[in-house]
Each structure stands twice: as C-alpha cells, then as structure tokens.
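Let's take a walk through this protein together, beginning with the whole chain and then stopping at a few places inside it. Please keep the structure open beside you as you read.

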Amino acid sequence: MAGLRDDFYYKIGRDYHEHMQNSFLYGYVKGGHDKNLRLRIKEKLFCLADTPASKGKFAGFIAKALLTDRNLAARLDHLENLPIFIDEAESALRQKNNYAANESAGMESRLDKRTYKDALTDMVSELDSYPVLDVNINILRNFTRELLDSCEFEGEKKNPYVQLTSLYLDLECGLIGVPDYVRGVIDFCLANSKYIPGKSDIAVFREFGVATWGKDIFAGMRKSSDKLKLLSQLGKSDKDKFDAGAEMCFDEIFLGDLTERIQNEIIRVEINTLLYDAGYSVDTGVYKPPRKKDKSMDIMDAYFRYSGSSPWKEKDGSPAIPGDYMTWDEYYDACDNLKDTINSDRSDRSHQDMFMPVWIDREVGGGVFLIGKNQFFEAADVRVDNNCELGVVYFIGIEDGKAFEFAAFQAGDFDRNAFPGMEEAVRWFKNYEYKSDSLEEYQSYNHAAPDNCPEVFLKYFEDSESLSECDDVCDDELDATKAEFDREFEADKRREKVHRAFQNRTS
C-alpha cells in the first residue's frame with residue numbers, strides 16, 4: 001500500500017502543479033470547505049423561495065443539520081426558535097397528510113412527551129419521502145438567522161476560507177453593503193496576515209484612504225499591514241466618512257475578484273501543506289518520505305469518484321457528475337437551487353420558455369429536464385404554476401415547440417403535479433419502464449440495421465432483439481411504481497370530484 005500511496009501523491013501533486021485550479025486536488029480542498037454547514041445554510045437560505053416545495057426541502061435540510069452537526073445537536077435545548085419551528089412544521093405536515101381532527105389531537109398530546117431529537121427525526125423521515133411543506137417562510141428565516149448568529153458549526157473554527165466566504169455570501173445576499181464588507185475584509189486580513197493582498201490590490205485600498213482622508217493619510221507607512229490597520233481604526237472612529245468613501249472607491253466586481261484571489265491563496269497554502277506533509281514538493285516535483293500521517297484513503301476515495309475509475313474496479317459506465325461536484329447530492333442541490341431561484345421571482349416571464357437537460361441517460365437520450373411552463377404540451381395534462389418545473393423526458397422530441405414525451409408524476413395538493421426536487425425526479429425516471437419505449441421510438445425512425453453494423457448500435461434499429469436486455473428494473477419495482485402512479489391518479493380524481501361538488505353546492 002505504501003508504494004501505491006507514494007505514486008498517488010506524486011500523481012495528484014504533478015496534476016496540481018500543472019493544472020492548478022483545474023486539478024483534482026484544488027477541487028478536493030475547495031469542495032471540503034464549501035461543504036461547511038454555515039456556507040451551505042447561507043446558500044440555501046438565499047435560494048429559499050416562498051413555495052411549498054422549496055420550503056419543504058429547506059426545512060428537511062435544516063432538521064437534518066440539527067441532528068448531524070455535533071455542535072448543533074448539543075445545543076438543541078438552547079435554541080429559542082426551535083420549538084416554534086417544530087410546532088409549525090408538524091402542523092403543516094399534519095394538514096398536508098389530511099389527518100382527522102381526533103388523530104391530530106392525539107398527536108399533539110404525544111408531542112409533549114417527545115424530545116427535540118425525536119421530533120426532528122420524525123420530520124426528516126416525513127420530508128425525505130415527500131419534501132413539501134406549506135409553512136410561513138418567515139418562521140424558517142427567523143430560525144435560520146438564529147442558527148447563523150448564535151452557533152458555531154463543526155469544522156469552521158480557525159478556518160479562514162469559511163470566515164471569508166461566509167462574509168462574502170452576506171454581501172451577495174444583500175445582508176451587508178459594500179462598506180461593511182470592505183471593513184470585514186480588512187479585519188480578516190489583519191487577523192490572517194499570510195493572506196494580506198498583493199501590491200495591486202493594496203494599491204486600491206491606498207487610493208481609497210487618500211481619496212477619503214487626504215494624500216498624507218499614510219505618511220511614513222511602508223508596510224501593507226500598517227496601512228490596513230489604520231483603515232480598520234478609521235472604519236470604527238470615522239464610520240460615516242469610511243462608508244461614503246468605500247461606496248465611491250469599491251464596486252462589487254472588484255470585491256468579488258479580490259475575494260476569489262484570497263480564497264485561492266488560502267487553498268494554495270493548504271494544498272502546499274498537505275503535499276509537504278505527504279512528502280511531495282510542488283515547487284521541485286521531488287517526492288520524499290511523508291512527514292506525518294494523513295487521511296490518504298479519504299483522498300483516494302474522493303479521487304476515484306472524481307475520475308470515475310478505480311484500480312480495483314472496472315468502470316460501470318455510469319455518467320460522471322457534471323461540473324466540479326464531488327457527489328450527486330451536491331449536484332442535485334445545485335439543480336434544485338437553480339429551479340427555486342428562477343421560481344422565486346413571480347414577475348419573471350423570461351424563463352417560462354426554458355428547456356434544459358439536468359440529468360441524462362446516455363443510452364436513450366431521455367432524462368430529467370428543467371422545463372418552462374410554456375413548454376409543457378397540453379396533452380401531457382400537467383399543471384404548472386411556477387416559471388419552470390422539473391419534468392421527466394423519456395424520448396426527446398419537440399412538437400410545435402412543445403416538449404411532448406415527458407411526465408411529472410408527483411401529484412399533490414401543494415406542488416401541482418411537479419416533482420419536489422431532483423432526487424425524486426431521477427428516482428422516478430430510473431424506476432419506470434422507459435428504455436423499451438424509447439428504443440421503440442428510435443427503431444421506428446431508423447428501420448433495419450445496415451450490414452456490418454456494430455453490435456453496440458443494433459438496439460436502435462427495427463430488427464433489434466435486445467429490447468428485453470435493456471430493461472434493468474425488476475418487476476417488483478415496476479409494479480410498485482405503477483401502483484403508486486395509479487393511487488395518486490385516483491386520489492387526484494377524488495379530490496377534483498369533491499371540489500366540483502362543493503362548487504356546485506355553493507353556486
């Protein structure tokens with residue numbers, strides 16, 4: 001194993017040395033920081049939309065975080081808004097599940113006997129299976145702000161990347177303005193002297209000081225740290241002047257670029273330390289015995305997921321995760337956040353014609369698409385209230401500008417037939433008998449296979465005998481999936497019938 005370990009570090013060390021930000025190791029280190037709970041909460045809070053599907057997914061995420069983060073789990077009894085969050089969420093869940101009045105009362109009496117952990121565990125279980133929650137969005141926001149303001153999450157202590165990125169997310173989300181961010185960056189750099197910006201960036205801060213307080217403000221000062229220290233003092237003692245000058249001298253584009261440069265430097269220092277401890281020098285490319293023990297197996301596992309290969313296992317042909325995401329869960333969250341962000345603006349009409357693949361089965365070309373409400377073909381009988389929703393496309397085709405071979409099976413009172421999120425959409429796609437239907441479509445266009453056609457393409461032609469081999473879903477899963485479709489369809493019909501009867505009685 002030692003020889004494999006040495007070769008592995010040499011490989012990823014050379015990869016980083018040659019490709020820098022496009023290397024595996026850069027993505028591994030950065031991805032580890034970006035998983036920090038504080039950053040994930042802020043990103044999800046920014047994307048939180050006032051829709052039951054978005055609120056359900058967010059509440060499930062928060063409940064799971066309270067159970068899995070060690071620091072949070074130890075503070076459950078000290079969170080002032082936790083009882084409100086649990087009570088309101090459970091009330092909404094009972095309403096969603098249409099409990100009878102006596103059943104609801106019985107549940108309320110049992111709530112008093114449960115711990116917060118029990119209640120959160122039940123909530124996670126419920127929202128994992130169907131993440132839809134029609135609760136007041138301000139309850140979620142207030143509780144989340146309490147978590148962010150009063151808690152320290154696991155892995156963020158003495159973590160400069162998380163500190164800086166958390167501050168920048170506040171700027172991006174509009175929670176703080178440019179002056180507060182400039183003040184925060186200055187204080188961050190003074191507390192982490194190895195990340196003080198370079199000469200070109202310090203020149204901008206110098207211009208800010210001169211333009212605001214006069215050309216002699218930095219007289220006698222040669223060190224960048226001394227100039228930043230003076231600006232930090234002025235940011236407190238002469239706040240109004242500091243704020244006015246910062247608004248004039250800094251824009252968000254420069255601050256975004258500056259933040260990225262500091263983040264890259266933080267990651268560079270961390271990678272150099274990691275490789276040095278492992279025995280590899282980025283500067284010389286020479287490998288030496290490791291300086292101390294590390295978690296090389298964790299890095300190896302991540303690398304094999306990243307590269308899609310392993311020395312102990314052949315490739316299984318599964319699609320690689322798009323982008324730089326290390327897990328499918330992270331990628332699914334990115335898809336859901338994009339959908340929620342687009343749907344959060346009720347006045348937006350520009351995204352109602354979109355048609356974008358977000359998960360594709362390479363064998364048949366179908367998959368999960370983000371589809372604008374104007375693209376839903378009338379014959380599909382799917383109601384869409386938002387700008388766009390996730391749709392499952394079994395055979396890609398467009399008829400008069402409309403997507404027609406697709407379905408959105410998750411019918412419900414709140415989400416109006418749309419899938420709550422990517423995980424559910426992909427699961428339904430995999431569990432439905434779509435391959436044989438899709439291949440029949442291809443065969444109807446392609447007719448007979450030509451002579452000497454490679455075997456891998458025969459299934460796309462009319463005389464294919466391999467259809468039965470393409471259906472890799474067991475009969476039990478198919479039967480269960482179809483039965484659930486039938487149950488939901490019948491439930492919808494019953495609700496619609498009751499609704500019509502009520503309208504007739506009141507008209």
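This is a predicted model: local features need pLDDT of at least 70, side-chain atom pairs count only at pLDDT 80 or more; totals for chains, interfaces and linings use all residues.

The chain has 507 residues, and 44% of them count as buried, where buried means under 20% relative accessible area. Among contacts with a separation of 6 or more, 67% are between residues 24 or more positions apart.

Our first stop is helix H3, which spans residues 37–47. Eight of the eleven residues of H3 are buried, so this helix is largely enclosed by the rest of the structure. The buried residues are Leu-37, Arg-38, Leu-39, Ile-41, Lys-42, Lys-44, Leu-45 and Cys-47. What lies over them? The cover includes helix H2 (24–34), helix H4 (52–68), helix H5 (70–73), helix H9 (137–150), helix H10 (160–172) and H17.

Within H3, have a look at Lys-42. Is Lys-42 buried or exposed? Its relative accessible area is 7%, so Lys-42 is buried. Setting aside its neighbours within four places in sequence, Lys-42 is in contact with Leu-148, Ser-166, Leu-169, Asp-170 and Cys-173.

Helix H17 (residues 328–344) packs with helix H18 (residues 422–431) at an angle of about 115 degrees, and their axes are 8 Å apart. H17 and H18 are therefore roughly perpendicular to each other. On the H17 side, the contact is made by Tyr-331, Tyr-332, Cys-335 and Asp-336, and on the H18 side by Met-422, Glu-423 and Val-426. Sorted by class, the contact of H17 with H18 has five nonpolar residues, no polar ones and two charged ones.

Next comes helix H13 (residues 224–237), with 14 residues. From its first C-alpha to its last, H13 reaches 20 Å, close to the 20 Å expected at 1.5 Å a residue. Its buried residues are Lys-227, Leu-228, Leu-230, Leu-231, Ser-232, Leu-234 and Gly-235. These pack against helix H11 (178–191), helix H12 (199–213) and helix H14 (239–249).

Two of those partners, H11 and H14, also pack with each other, at an angle of about 100 degrees and with their axes 8 Å apart. H11 and H14 are therefore roughly perpendicular to each other. In this contact, Val-178, Pro-179, Val-182, Arg-183 and Ile-186 of H11 meet Lys-239, Phe-242, Asp-243, Ala-246 and Glu-247 of H14. The residues of the contact of H11 with H14 divide into six nonpolar, no polar and four charged.

Our last stop is a strand. Val-393 is in strand E3, which covers residues 388–393. The relative accessibility of Val-393 is 2%, so this residue counts as buried. How far is Val-393 from Gly-367, in sequence and in space? The two are 26 residues apart in sequence, while their C-alpha atoms are 5.3 Å apart in space.

Conventions. Residues are numbered from 1 along each chain as its sequence is written. Side-chain values use heavy atoms; hydrogens and water are left out. Helices (H or I, at least four residues) and strands (E, at least two) are DSSP runs, numbered from the N terminus. Buried means under 20% relative accessible area, exposed over 50%, partly exposed in between (1.4 Å probe, protein chains only). Contact means heavy atoms within 4.5 Å. The expected span of a helix is 1.5 Å times one less than its number of residues. Axes are lines fitted to C-alpha atoms, for helices over the stretch in contact, and angles run from 0 to 180 degrees between N-to-C directions. Angles under 35 degrees count as roughly parallel, over 145 as roughly antiparallel, 65 to 115 as roughly perpendicular and the rest as oblique. Ala, Val, Leu, Ile, Met, Phe, Trp, Tyr, Cys and Pro count as nonpolar, Asp, Glu, Lys and Arg as charged, and the others, Gly among them, as polar.
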